[in-house]
Protein chains: 2
Amino acid sequence: MGGDHGPAVTLAGLAHVATRRPDARFVIFGQQDAVLPVLEQMPKLKEVSTFVHCDVAVQMDAKPSQALRHGRWKSSMWKAIEAVKTGEADACISAGNTGALMAMSKFCLRTMADIERPAIAAIWPTLRGESVVLDVGATIGADAQLLVDFAIMGAALAHALFDIEKPTVGLLNVGVEEIKGQEEVKEAGRMLREANLETMSYQGFVEGNDIGKGTVDVVVTEGFSGNIALKTAEGTARQIAGYLREAMNSSFLSRLGYLLAKGAFDRLREKMNVNKTNGGVFMGLKGIVVKSHGGADAEGFAAAVELGYELVKSGVFEKTRTTLDLYHARKPATLAVSEVSGA
Amino acid sequence: MGGDHGPAVTLAGLAHVATRRPDARFVIFGQQDAVLPVLEQMPKLKEVSTFVHCDVAVQMDAKPSQALRHGRWKSSMWKAIEAVKTGEADACISAGNTGALMAMSKFCLRTMADIERPAIAAIWPTLRGESVVLDVGATIGADAQLLVDFAIMGAALAHALFDIEKPTVGLLNVGVEEIKGQEEVKEAGRMLREANLETMSYQGFVEGNDIGKGTVDVVVTEGFSGNIALKTAEGTARQIAGYLREAMNSSFLSRLGYLLAKGAFDRLREKMNVNKTNGGVFMGLKGIVVKSHGGADAEGFAAAVELGYELVKSGVFEKTRTTLDLYHARKPATLAVSEVSGA
């Protein structure tokens, strides 16, 4: 039901995936009046899908607390997440309201043991290929321990998606040294260096311009600066696309040049297309949830669904779980208060 | 002495300004062996300049504390800042080490009364023209009061540079509502709304993508996220320029198209050129200091010098001072401890 265009686009996206991944099966949650007429026209998709009617759909502009109040237990969003919890589905994909999806996912699936708060990981196109950037908006502020957990989860995701044995990891920081504050970033750096984990190669601090360069496979930061980095990059890309359009329309020669180079421009547009690498992966929950851009077209939504499919196949959830367990087991045990007082 | 290319570029930049602004006078601080041979070849610049030899030059990679230890009282950077303090100069422009320049400026000029910590304001090119974004890296973390002061200073700068009577101001935030943390941003929003200042039109929260759109004239944030936004935008611009180069080189037709549209591409490059709007303005100090990009060419350095020139002419320093005084005078007086204990 989610996204700017609703079932017309999300079902068209599913139809693409049904063709390309013959072993995929779908459980579709939504309002029957909106979904069934579209699904009827897609016999191939219908064949591999189960439809579950839900009375309530979470609005795109609902606040997370409103969505929880009105949509818990019964909305299509809740039911889709719950299907992951019960094992009916391996992953949940939604183009709906991000805040509501995260709030419901936390409430329904709960975070993994040891993980205080979840993260949203973005797959970021770079000059070297793609990188994982997390958190891009789930948690505002993070202590050193949470940043280390984000690093472990991000490395597991990069390993699964990019097939890199030991992904390189950097902590997002500002260039000026000896500056006050952000002690948690420095502390996280010390912890990652000491832990010397086998699942990643920690590279130290990186700056904002390193993201697009692809300096590291995984960029770790808390959700406020991560969200601002993501949105600023999107805004800059749109700004330059605007300049480019303007420049190519500025004279007869430039329009002619544009026509001759149209193939190249189309490939450029493809590269700058957020749809191609669409999907924010919710990390740190007891189950796989992928958020598609609300504005995604059918191919964009298909990309988000296929991302979920790959995550299931790669076993990233289990690998993340194992690394986190190993890391947290190695930490010096905390002396429980009861032991002290009972002595 | 600063910048990646030293006096060859900075003096060439000054020579441009000397031609374009006949009423400007320069005091040049540096090592005579490096500066004088270059200056000798620029008789017009020499005529309007005074040269002051300094034994020490702050290294581009020196830590701020090192720079202060080795360069205080005697380095060319320190002497240039001191010239503003003594009134010998109206503004200091440097292409040197940012951290050192800020540390020395704070130490030498001190912050304005009521201003706890200074900010660096960037002039950011947008789809609508230009915006002021601050802080882009001077202070990590800011409380609500400091964000309000940044808003006042940013509005004064936008007023002076863009000639807008009542610049629009937004606080940088993430889109997801009801999210934990960043209480200081929400509190700053409440304070700005209540203060209802005559010098700005407060518009509420903006997101990362609003910066490039030019949604507001002034974007206010603390230095960590501001620095990450700035560097991420620079990285994204470089990334897309790389894609564009690659696309235009990909076939015979695209190369031909590029040649035909070359004029348009040149204008695009001009628009994406950081040199054109070069200069970070240090705000909140008792004097004008402008930081030029270290990598700027002569025209870029000239742009930073002319930015300083315009700031002096516009009286932005005095206007900022007046608005800050008005605002802080209106705040309810704080009951001093001595009054309480003395009662």
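Because the model is predicted, local features are reported at pLDDT of at least 70 and side-chain atom pairs only at pLDDT 80 or more, whereas totals for chains, interfaces and linings use all residues. Residues are numbered from 1 along each chain as its sequence is written, chains are lettered from A and ligands numbered from 1 in the order in which they are written, and side-chain values use heavy atoms, with hydrogens and water left out.

Two copies of a chain are related by a rotation about an axis and a shift along it.

Two packed helices are described by the angle between their axes and the distance between the axes. Axes are lines fitted to C-alpha atoms, for helices over the stretch in contact, and angles run from 0 to 180 degrees between N-to-C directions; helices (H or I, at least four residues) and strands (E, at least two) are DSSP runs numbered from the N terminus. In chain A, helix 1 (residues 7–20) packs on helix 13 (residues 298–314) at an angle of about 55°, with the axes 7 Å apart. Helix 1 of chain A is therefore oblique to helix 13 of chain A, where angles under 35 degrees count as roughly parallel, over 145 as roughly antiparallel, 65 to 115 as roughly perpendicular and the rest as oblique. The crossing of helix 1 of chain A with helix 13 of chain A is right-handed, that is, the near helix is turned clockwise from the far one by less than a right angle. To this contact (heavy atoms within 4.5 Å), helix 1 of chain A contributes residues including Val9(A), Leu14(A), Val17(A) and Arg20(A), and helix 13 of chain A residues including Phe301(A), Ala302(A) and Val305(A). The residues of this contact comprise 8 nonpolar, 3 polar and 3 charged, with Ala, Val, Leu, Ile, Met, Phe, Trp, Tyr, Cys and Pro counted as nonpolar, Asp, Glu, Lys and Arg as charged, and the others, Gly among them, as polar.

Helix 13 of chain A also packs against helix 7 (residues 144–162) of chain A, at about 100° and with the axes 10 Å apart, which means that helix 7 of chain A is roughly perpendicular to helix 13 of chain A. Leu157(A), Ala160(A) and Leu161(A) of helix 7 meet Leu307(A), Glu310(A), Leu311(A) and Ser314(A) of helix 13 in this contact, giving 5 nonpolar, 1 polar and 1 charged residues.

In chain B, helix 7 (residues 144–162) and helix 8 (residues 183–195) pack at about 55°, with their axes 8 Å apart, and are therefore oblique to each other. Their crossing is right-handed. Among the residues in contact are Leu147(B), Val148(B) and Ala151(B) of helix 7 and Val185(B), Ala188(B), Met191(B) and Leu192(B) of helix 8, and by class the contact has 8 nonpolar, 1 polar and 2 charged residues.

Cis peptide bonds join Leu134(A) to Asp135(A), with omega about 5°, and Leu134(B) to Asp135(B), with omega near 0°. Asp135(A) lies in the loop between strand 5 (130–134) and helix 7 of chain A, and Asp135(B) in the loop between strand 5 (129–134) and helix 7 of chain B.

A positive phi is found at Asp163(A), a residue that is not a glycine, with a value of about 60°. Asp163(A) belongs to the loop between helix 7 and strand 6 (168–172) of chain A and, at 69% relative accessibility, counts as exposed; buried means under 20% relative accessible area, exposed over 50%, and partly exposed in between (1.4 Å probe, protein chains only). Asn196(A), likewise not a glycine, has a positive phi of about 45°; Asn196(A) is placed in the loop between helix 8 (183–195) and strand 7 (201–206) of chain A and is exposed, with a relative accessible area of 60%.
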